[in-house]
Amino acid sequence: MKTDQLIDMLSRGVEPADKPRWKRKLAITLLVGLVVGVLLVAIGLGVRPDIGAARMPVMWKTLFSAAAAVVILPLALQLMRPGRPLGWRMGAVAIFFALCALATIIALMGEMPERRWEAWMGGAAFPWCVVLIPVIAAPTAILLVWLMRAFAPTRLTMAGAAIGALSGGIGAMAYAMYCPTDSVAFVTTWYSLAIAVCAALGALIVSKFLRW
């Protein structure tokens, strides 16, 4: 048998390889995490009673949280696969949170001095979103661990932090339905800190479940 005939024989019946389906699985994972987070807020905390009148503030808080998730997502995708360079993705996350700090300062400077504390703290003694957003983000983190373990990440602490931060962004989107505080300084400060707490928990806890 000649070489050309052998190649021709081997090429017969070859079916195209399946396209990677991980992107679809990732989208479904994030969507399911968001839906579970919304249910947790609706059942456990309750939707703010004036959500109809306050739909624009709720929307901007949701968009802010979604923007955080979008900025963190490329970094998480690189970390879930071994050996992928991080490049600009770390810088993008740093720039996002630097802009949040800048927005907080500008927003507080626009308030009267006697109102700055209220605008920053939302009129409460403690910003409970720092606690509640990580709780609401937990289901998304569990689902992401289940998905990303299949890619055998090697930078476990950083991958865990990225999963936590990404889950925090999704959790914050759901939390916006409940959050009664709409000031820019409150959202850019405490939502960002809540996402950072999620990242820290991810580095400490989630990373252990990524290990093979």
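Visitor: What pattern does the protein follow, read along the sequence?

Guide: In this predicted model, the pattern is α-α-α-α-α-α-α-α. The protein has 8 helices and 0 strands.

Visitor: Why is the protein called more spread out than a compact globule?

Guide: For 212 residues the globule rule gives 17 Å, and the radius of gyration is 21 Å, well over that value; therefore the protein is described as more spread out than a compact globule. Along the principal axes, its C-alpha atoms fill a box of roughly 90 × 35 × 30 Å. Of the 212 residues, 41% count as buried.

Visitor: What makes Trp-22 count as buried or exposed?

Guide: Buried means under 20% relative accessible area. Trp-22 has 18% relative accessibility, so this residue counts as buried. Trp-22 is found in helix H2. Between Trp-22 and Pro-134 the C-alpha distance is 25 Å, and the two are 112 residues apart in sequence.

Visitor: Which residues form a nonpolar patch on the surface?

Guide: The patch consists of Ile-28, Val-32, Val-36 and Leu-40, with about 280 Å² of accessible area together. In general, residues three or four places apart in an α-helix point the same way, because there are 3.6 residues a turn.

Visitor: How do you know that the span of helix H7 agrees with expectation?

Guide: Helix H7 (residues 156–175) has 20 residues, which should span 28 Å at 1.5 Å a residue; the end C-alpha atoms are 28 Å apart, so the two values agree. H7 is also mostly covered, as 17 of its 20 residues are buried.

Visitor: Where is Ala-152 placed, and why is it called partly exposed?

Guide: Ala-152 is in the loop between helix H6 (129–148) and H7. Its relative accessible area is 30%, so Ala-152 is partly exposed. Ala-152 has a positive phi of about 50° although it is not a glycine.

Methods
Residues are numbered from 1 along each chain as its sequence is written. This is a predicted model: local features need pLDDT of at least 70, side-chain atom pairs count only at pLDDT 80 or more; totals for chains, interfaces and linings use all residues. Side-chain values use heavy atoms; hydrogens and water are left out. Patches are made of residues with over 30% relative accessible area and no salt bridge: like charges are joined within 9 Å, nonpolar side chains (Val, Leu, Ile, Met, Phe, Trp, Tyr) within 5 Å. Accessible areas come from the Shrake-Rupley method with a 1.4 Å probe; for residues, only the protein chains shown count as cover. A salt bridge is a side-chain nitrogen of Lys or Arg within 4 Å of a carboxyl oxygen of Asp or Glu. Helices (H or I, at least four residues) and strands (E, at least two) are DSSP runs, numbered from the N terminus. The radius of gyration is taken over C-alpha atoms; the globule rule is 2.2 Å times the number of residues to the power 0.38. Buried means under 20% relative accessible area, exposed over 50%, partly exposed in between (1.4 Å probe, protein chains only). The expected span of a helix is 1.5 Å times one less than its number of residues.
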